[in-house]
Amino acid sequence: MSSTELPSVPPTSVLPKVAAVRVAEGERLRSVGLPGVTLTIRSRPPAREGLEPALFVHGLGGSSQNWSALMALLDGTLASEALDLPGFGDSPPPDDGDYSVTAHARAVIRYLDATDRGPVHLFGNSLGGAVSTRVAAVRPDLVRTLTLVSPALPELRVQRSAVPTGLVGLPGVAALFSRLTREWTAEQRVRGVLGLCYGDPGRVSPEAFRYAVQELERRLQLPYFWDAMTRSTRGLLNAYTLGGQHGLWRQAERVLAPTLLVYGGRDQLVGFRMARRAARAFRDSRLLTLPDAGHVAMMEYPDTVARAVRELLAETADVTPKG
């Protein structure tokens, strides 16, 4: 990649100081250093002893905060942690600048291996769904159950509304978009994102909107913001072109863990029509469709998703996946 495509990113040690990341009531943040990456982990202290561990992986442009509502509802059911993927949330960029799906999956695996928390109940949304699918396929020993909310798996006919997001991965487009939208306020940007990701943006409370604006203002101060977005988008698009055993659909077929699939009828980024294909691909799947939800059902309808998760856990308790 030429040096004109994206601004150079300074070493993590000299990154500017920005506002602190929001931590909801009952949550903790900590930083974990691993080979090649440093991850920020958001967690909730277990409500009681003996709860099985869960790990949540966010989508493109998101962060561990995307899971806060669902994690809170699963208190007493799971010992929940959510990570910020490298370059997102409060995690600095990876040392090697690799934002491929494989690299993100490697970061998740390294964290689980280092902390010895597996097997976990693994959750993924969008890009995080693709990452979690790959983790579950290549390291079945680390995944007890898998819950995917609008997973970003390859589509032959991409929805028109998803095309602009995909274009961000093309060389030079992110820099051009950054210049063209320089005058946009954080409020305008957040409204655009909510309009794209929510089935009904009106469900977002004024308080949640204010927090989203504050978080975007914080991220826009990070010199690697567009670099992380662009390279992760490009990494996802590249993953779509892989065939054979590395193809995401082929890996979905290899997943042994009981799988809950959640799809929104108003999703503008992942086609609702993909729900049935996914239900056929994952060998031990159950499907939850939410006609009024968009791309982030765990934020739009957290109570419904939490209820489906609890049903999955009850159904699969003490059941060992079959090979």
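Rings, charges and strands

Analyst: The charged end of R277 sits over the ring of W249, 4.1 Å from its centre. This is a predicted model, where local features need pLDDT of at least 70, side-chain atom pairs count only at pLDDT 80 or more, and totals for chains, interfaces and linings use all residues. Residues are numbered from 1 along each chain as its sequence is written, and side-chain values use heavy atoms, with hydrogens and water left out.

User: What makes R277 count as sitting over the ring of W249?

Analyst: The test is NZ of Lys or CZ of Arg within 6 Å of the ring centre and within 35 degrees of the ring normal. R277 lies 4.1 Å from the centre of the W249 ring. R203 sits likewise over the ring of Y301, at 4.1 Å.

User: Why is the pair of F225 and W226 called edge-to-face?

Analyst: Rings of Phe, Tyr and Trp (its six-membered ring) pair if their centres lie within 6.5 Å; planes under 30 degrees apart are stacked, over 60 edge-to-face, the rest tilted. The F225 and W226 centres are 5.1 Å apart and the planes stand at 80°, so the pair is edge-to-face. Both residues are buried (under 20% relative accessible area; exposed is over 50%, partly exposed in between; 1.4 Å probe, protein chains only).

User: How do you know that β1 and β2 pair?

Analyst: Strands (E, at least two residues) are DSSP runs, numbered from the N terminus. Two of them pair if DSSP finds at least two bridges between them. Strand β1 (residues 28-34) and β2 have 7 bridges, in the antiparallel sense.

Technical notes. Helix = DSSP H or I, 4+ residues; strand = E, 2+ residues; numbered from the N terminus.
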